[in-house]
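Dear colleague,

Please find below the structure that I am handing over to you, followed by an account of what was found in it.

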Amino acid sequence: MIQPGQLVILISPKGKRYMHKLVPGNEVHTQEGKLLLDDVAEAGFGGCARTHLGKPYLVLKPTVYDLIKGVKRQTQIMYPKEIGYVLLKLGIGPGSTVIESGTGSAGLTLALAWFVGDTGKVYTYERREDFFKLAMKNLDRVGLLHRVEQVNQDIENGFKHTGADALFLDVREPWLYLQHIPKAVLPGAMCGFLLPTTNQVSDLLRGLDEGPFVETEVLEILVRRYKPVADRLRPDDRMVAHTGFLIFTRYMEKPEPLLLPETDASEVDPTEDEEEALDQREDEASPLS
């Protein structure tokens, strides 16, 4: 039995997905007829509820992916393919505190709030009041607003919060705010950035080179889906390709050059460069070698 206030995903016979908060006595009007939410609650997650015309609707518990895809938006939100990597790189988990700037429609904010749990906190900054209000509604709708502290201001004068475990900036010119990071995060904290163009990435890299940052990484994530038909398995005609560059770096109070320990030449290095190893295997396999 689904409890009142829980979110549910309803999937129509044609595969359309609808997300609703379960309110006893309410009903959902669909192209296949009227669906009573009391029937949805009784069906339970993984069950099936029928409209008054007898059409079956699958009832599922929404995942974080569903929640992110379901946010009301006035801005382009980050894709789940980037969000998943961001969470891992920043080390987000129960009890984490993270600072974010550029809330937008709160796609990433929602994911951060989910993973920090009730013992963690997300501090998110947004300068535009309309985005600030929209983000609040989106977070409240999925029951995560209590894990987030919103700040409706620009970060040109720095952050109100300190001692964060991680930081992420989704702003147009992040290099202008690098000087505020040391006061906002703990030494060793991971910092991430999202930028759409190469010239912006270059400007950010120049800024990072001048500051106390190490282990900088630049990447993009591409996703190619396949048609799930066993006898005709092939890629989809379209793919989610470039949607932005991700940049990660680690803040250090007194960065020192990384010194590699001396090793015995007879020992096998387990961290051998992957490209060299691949080239070597290809040479060995070549009929001309």
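Seven strands form an open sheet in the order E9-E8-E7-E10-E11-E13-E12, with mixed pairing; two strands are taken to pair if DSSP finds at least two bridges between them. Helices (H or I, at least four residues) and strands (E, at least two) are DSSP runs, numbered from the N terminus. At the edges stand strand E9 (148-151) and strand E12 (213-219), each with a single partner strand, so one side of each is left without a neighbour in the sheet. On average, neighbouring strands of this sheet are turned by 15° against each other, direction ignored.

The model is a predicted one, in which local features need pLDDT of at least 70 and side-chain atom pairs count only at pLDDT 80 or more, while totals for chains, interfaces and linings use all residues. Residues are numbered from 1 along each chain as its sequence is written, and side-chain values use heavy atoms, with hydrogens and water left out.

Within the sheet, E7 and strand E10 (residues 164-169) run parallel and are joined by four bridges. Ile99 has Leu167 in E10 as its bridge partner. H4 packs on the sheet and touches E7, strand E8 (121-125), E9 and E10; its direction makes about 165° with that of E8. Contact here means heavy atoms within 4.5 Å. Axes are lines fitted to C-alpha atoms, for helices over the stretch in contact, and angles run from 0 to 180 degrees between N-to-C directions.

Helix H4 (residues 107-116) is largely enclosed by the rest of the structure, because eight of its 10 residues are buried (under 20% relative accessible area, with a 1.4 Å probe and protein chains only). Among them are Leu108, Leu110, Leu112 and Val116. Gly117 follows H4 and has a positive phi, near 70°.

Helix H3 (residues 80-90) packs against H4 at an angle of about 45°, the axes lying 10 Å apart. H3 is therefore oblique to H4 (angles under 35 degrees count as roughly parallel, over 145 as roughly antiparallel, 65 to 115 as roughly perpendicular and the rest as oblique). In this contact, Ile83, Val86 and Leu87 of H3 meet Gly107, Leu108, Ala111, Leu112 and Phe115 of H4.

Finally, Ser105 lies in the loop between strand E7 (97-101) and H4. Ser105 counts as buried because its relative accessibility is 1%. Beyond its neighbours within four places in sequence, Ser105 has contacts that include Val71, Arg73, Ile77, Leu134 and Asn138.

Yours sincerely

Definitions and conventions
Buried means under 20% relative accessible area, exposed over 50%, partly exposed in between (1.4 Å probe, protein chains only).
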